[in-house]
Amino acid sequence: MDQIIDFLTAHHLRILDVAGAVLGIIYILLEYRASIYLWLVSIIMPLVDMWLYLSAGLYADFGMAIYYALAAIYGYAVWKWGLRRKGSKEKEPPRISHIPRKQALWATLVFLLFWLAVYEILARFTNSTVPVSDSFINALSIIALWALSRKYVEQWLIWLVVDALCCALYTYKGIPFKASLYGLYVVIAILGYFKWCRMMKDEG
């Protein structure tokens, strides 16, 4: 038993990295299919990621993992029971669509504010060595997750940017499985965008 505990202690970062990668593959495949079960996986996955990111010194990512878990609960509720549309008395589940221009402008403003706020926190109160990229990724991820909860097809394009940057960042931070996972995410984001465009056309 002591040997097992010693092994887990010595290799916990790699074990968490692998576990997160496996959950991440399941998650992205469910997202590709626009399956509501993606939200259930995305509640479990951040719990693993919290420990991983904290151990690797990625403090903004640690905070985002908490946000992901909470946002996953919200996303599941929206996909399951829907939202009340303007002028409608009943809730309707979201359908795949484009981001309205007005909402895109607000989303851009929110992204910039979050980027600045997270950067200031990392730069002033942590020993993060990558405050600019870490804060950028996390601010953009907030917007991407919001877009996913509304089933906006552009969420794939936002995730494409996030995934490419995460792949580079995690390679730099020595988290190879997570980096490889995000490399796979880049490919699936491209395929997912075109698949959702086809699904949107079929629904319309």
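This is a predicted model: local features need pLDDT of at least 70, side-chain atom pairs count only at pLDDT 80 or more; totals for chains, interfaces and linings use all residues.
**The core**

The largest nonpolar core holds 54 residues, and within this set Leu58, Leu148, Tyr170 and Trp196 are the members that touch the most others. The helices that each supply at least two residues of this core are α2 (12-32), α3 (38-56), α4 (59-81), α5 (101-125), α6 (131-149), α7 (155-172) and α8 (176-203). Leu58 can be followed in more detail: leaving aside residues up to four places away in sequence, Leu58 touches Tyr53, Val130, Asp134, Leu169, Tyr170, Lys173 and Ile175. Tyr170, listed among these contacts of Leu58, is itself one of the core residues that touch the most other members.

**Two loop residues with positive phi**

Ala34 is placed in the loop between α2 and α3, and its phi is near 55°, a positive value in a residue that is not glycine. Lys151, found in the loop between α6 and α7, likewise is not a glycine and has a positive phi of about 60°. Are these residues buried or exposed? Ala34 is buried, because its relative accessible area of 15% falls under the 20% limit for that class. Lys151 also counts as buried, with a relative accessibility of 14%.

**The salt bridge**

By the rule applied here, the count of salt bridges comes to one. Arg124 pairs with Glu120, and the closest N and O atoms of the two are 2.7 Å apart. Both partners belong to helix α5, where Arg124 and Glu120 are separated by four residues, about one turn of the helix. Arg124 counts as exposed at 61% relative accessibility, whereas Glu120 counts as partly exposed at 29%.

**The nonpolar surface patch**

Two helices, α2 and α8, each supply at least two residues of the patch, and α8 gives the largest share, which is three residues.

| Residue | Relative accessible area | Class |
|---|---|---|
| Ala34 | 15% | buried |
| Lys151 | 14% | buried |
| Arg124 | 61% | exposed |
| Glu120 | 29% | partly exposed |

Key:
Residues are numbered from 1 along each chain as its sequence is written. Side-chain values use heavy atoms; hydrogens and water are left out. A nonpolar core is a set of buried Ala, Val, Leu, Ile, Met, Phe, Trp, Tyr and Cys residues joined through side-chain atoms within 4.5 Å. Buried means under 20% relative accessible area, exposed over 50%, partly exposed in between (1.4 Å probe, protein chains only). Contact means heavy atoms within 4.5 Å. A salt bridge is a side-chain nitrogen of Lys or Arg within 4 Å of a carboxyl oxygen of Asp or Glu.
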